[in-house]
Amino acid sequence: DGEVHINELKNGNTEMFWNPTSEVRRQRLKRHIVLFEEQTDFESERLWQHVTSAINKGDQHKATQEKFVLEEEQRNAARERRESGTEWKPLLFQQDAGTNEWRYKYEDLRPWDPLNDIAQFEKDGILQTMERHLSTRMSNHKATCINNQITRHKRSAKDCRRRKTSDQPSNHSQNTESSCSTPESVQELSDDDGKYLGFESLCAQCGKEINHLKEIHSAVLSLQKAQQDIHR
């Protein structure tokens, strides 16, 4: 997000190669890193700190020296392990027996769920996803509502049968209609209108959850359009 210049060494001319606008700077993603004092010796920022410092100071010779020191230490450590027969066991990577390639142990290849996934973060070297679990809450709440509706209908049916048996004479029972109708069978949730078919309308909590999901979906569509505009 800063200016980039091309310096021509032969004639000393300097040419502007990239100068981001204020809009580009505002859209820069915020960088999240583990605090330096909490990093272990082999984490990149701590391991390469002297190389990075030399690069930032423009000292290419010093940066090359520091890089050589690091690589030589790693070579010596590998040599000592071979000589002692010590097996190196990576904490975060494992070798794929089929391809012989190293793969991250905790990789999560599922598609990003904009309605449930909030952010991805790293903790102790493990990448994790912060989730809303909204869909789980919705499912549990809908199940509770259905069970309540079924209980009410069963109770209503029992009352109807009890009234029918006690109020009507036995010789007229087959000719007299019940004062209550038999409850309809339980039907699945309708995806179109979000109501329980065969039951009463949604409870207030379900209605709020569905409206919340609609708002999130609308916001996601807006973000996707903005991203497409940025790419264009």
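View 1. Asp 229 and Lys 225 both belong to helix H6 (residues 204-231), where they are four residues apart, about one turn of the helix. Helices here are DSSP runs of H or I with at least four residues, strands are runs of E with at least two, and both are numbered from the N terminus. Between Asp 229 and Lys 225 there is a salt bridge whose closest N and O atoms are 3.4 Å apart, the term being used for a side-chain nitrogen of Lys or Arg within 4 Å of a carboxyl oxygen of Asp or Glu. Asp 229 counts as partly exposed because its relative accessibility is 35%, where buried means under 20% relative accessible area, exposed over 50%, and partly exposed in between (1.4 Å probe, protein chains only). The model is predicted, and local features need pLDDT of at least 70, side-chain atom pairs count only at pLDDT 80 or more, while totals for chains, interfaces and linings use all residues. Residues are numbered from 1 along each chain as its sequence is written, and side-chain values use heavy atoms, with hydrogens and water left out.

View 2. The side chains of Arg 103 and Glu 107 are joined by a salt bridge of 3.0 Å, N to O. Arg 103 is partly exposed, because its relative accessibility is 33%, and Glu 107 is partly exposed as well, at 34%. Asp 108 has a salt bridge with Arg 110, in which the closest N and O atoms are 3.1 Å apart. Here Asp 108 is partly exposed at 39% relative accessibility, and Arg 110 is partly exposed at 35%.

**View 3. A cluster of aromatic rings.** Phe 93, Tyr 104 and Tyr 106 are linked into a cluster by ring pairs. Rings of Phe, Tyr and Trp (its six-membered ring) pair if their centres lie within 6.5 Å, and planes under 30 degrees apart count as stacked, over 60 as edge-to-face and the rest as tilted. The whole structure holds two aromatic pairs. Tyr 104 and Tyr 106 form an edge-to-face pair, with 5.9 Å from centre to centre and 70 degrees between the planes. Tyr 104 is buried, because its relative accessibility is 16%, whereas Tyr 106, with a relative accessible area of 37%, is partly exposed.

**View 4. The largest nonpolar core.** Five residues, Leu 47, Val 51, Ala 54, Ala 63 and Leu 70, make up the largest nonpolar core, a term for a set of buried Ala, Val, Leu, Ile, Met, Phe, Trp, Tyr and Cys residues joined through side-chain atoms within 4.5 Å. Helix H3 (49-56) and helix H4 (60-84) each supply at least two residues of this core. Leaving aside residues up to four places away in sequence, Val 51 touches Ala 63, Glu 66, Lys 67 and Leu 70, contact meaning heavy atoms within 4.5 Å.

**View 5. A network of charged side chains.** Salt bridges link Lys 67, Glu 71, Glu 72 and Arg 75 in a network. Over the whole structure, the search finds 11 salt bridges.

**View 6. The chain as a whole.** The chain has six helices and six strands, and from the N terminus on its elements run β-β-α-α-α-α-β-β-β-β-α-α. Of the 232 residues in the chain, buried residues make up 13%.
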